[in-house]
Amino acid sequence: MSKKIKLPSGATVTLKDPKTFKVKDRKKVMQIADETQGGDLTKAMALADALIALLIEEWSFDLMPPSVKIDSLGELDMLDYDYLVEQTKDAQKYLFPNLAETPETEADPKARTANSNG
């Protein structure tokens, strides 16, 4: 089910339910990040942009939606953009479940204590 949110600027955005994503969507997000020139931070930002573009169904801005023109995200106020990035957290966990930090993925089977550095 889609979710309508209000951004700090007052603009509204309708986000897709991440449960509707397909494998091709994961591949597209990864491809955009892989094709981006620059260092790790630039690639991470490209990944965030791609995920936002994938999530947005519609918005109230007088800009082309990012699924059509990803550069539209560059025209947003930083508060709105950062809020959208925060809204991608659940989608990140859904698209990349093995990267999610869980007690199971963080556990060190060789550790004798809870903190393997101690």
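User: Which residue stands opposite Thr-12 in strand 2?
Analyst: In this predicted model, Lys-6 is the residue facing Thr-12.

User: How many bridges join strand 1 to strand 2, and are the strands parallel or antiparallel?
Analyst: There are 4 bridges between strand 1, residues 3-6, and strand 2, and the two run antiparallel.

User: What do the two strands form, and what's in the turn?
Analyst: They form a hairpin, with 5 residues between the strands. Gly-10 sits in the turn and has a positive phi of about 100 degrees.

User: Buried or exposed?
Analyst: Met-1 is exposed: its relative accessible area is 82%, and the cut-off for exposed is over 50%. Its C-alpha is 8.6 Å from that of Thr-20, which is 19 residues away along the chain.

User: Switching to helix 2. How many residues does it have, and what's its reach?
Analyst: Helix 2 covers residues 40-55, which makes 16 residues. From first C-alpha to last it reaches 22 Å, close to the 22 Å expected at 1.5 Å a residue.

User: Which of its residues are buried?
Analyst: Ala-46, Ala-48, Asp-49, Ala-50, Leu-51, Ile-52, Ala-53, Leu-54 and Leu-55.

User: And what do they pack against?
Analyst: The buried residues of helix 2 pack against strand 2, helix 1, strand 3, helix 3 and helix 4.

User: How many residues are in the largest nonpolar core?
Analyst: That core has 24 residues, and Val-13 and Leu-84 have the most contacts inside it. At least two core residues come from each of strand 2, helix 2, strand 3, helix 3 and helix 4. Helix 2 gives the largest share, 6 residues.

User: What does Leu-84 touch?
Analyst: Leaving out residues up to four places away in sequence, Leu-84 touches Ile-5, Leu-7, Val-13, Ile-52, Ile-56 and Leu-76.

User: How many aromatic pairs are there?
Analyst: The count is 1 aromatic pair. The pair is Trp-59 and Phe-61, with ring centres 4.9 Å apart.

User: Why is that pair edge-to-face?
Analyst: Because the ring planes of Trp-59 and Phe-61 are at 80 degrees, and angles over 60 count as edge-to-face. Both Trp-59 and Phe-61 are buried.

User: Last one. Which element has the lowest mean pLDDT?
Analyst: Helix 5, residues 103-106, at 56, while strand 2 has the highest at 97. Over the chain the mean pLDDT is 86, and 83% of residues reach 70 or more. Where pLDDT is low, the predicted coordinates should not be read in detail.

Note on methods
Residues are numbered from 1 along each chain as its sequence is written. This is a predicted model: local features need pLDDT of at least 70, side-chain atom pairs count only at pLDDT 80 or more; totals for chains, interfaces and linings use all residues. Side-chain values use heavy atoms; hydrogens and water are left out. The expected span of a helix is 1.5 Å times one less than its number of residues. Buried means under 20% relative accessible area, exposed over 50%, partly exposed in between (1.4 Å probe, protein chains only). Contact means heavy atoms within 4.5 Å. Two strands pair if DSSP finds at least two bridges between them. A nonpolar core is a set of buried Ala, Val, Leu, Ile, Met, Phe, Trp, Tyr and Cys residues joined through side-chain atoms within 4.5 Å. Rings of Phe, Tyr and Trp (its six-membered ring) pair if their centres lie within 6.5 Å; planes under 30 degrees apart count as stacked, over 60 as edge-to-face and the rest as tilted. pLDDT is the predictor's confidence in each residue, from 0 to 100.
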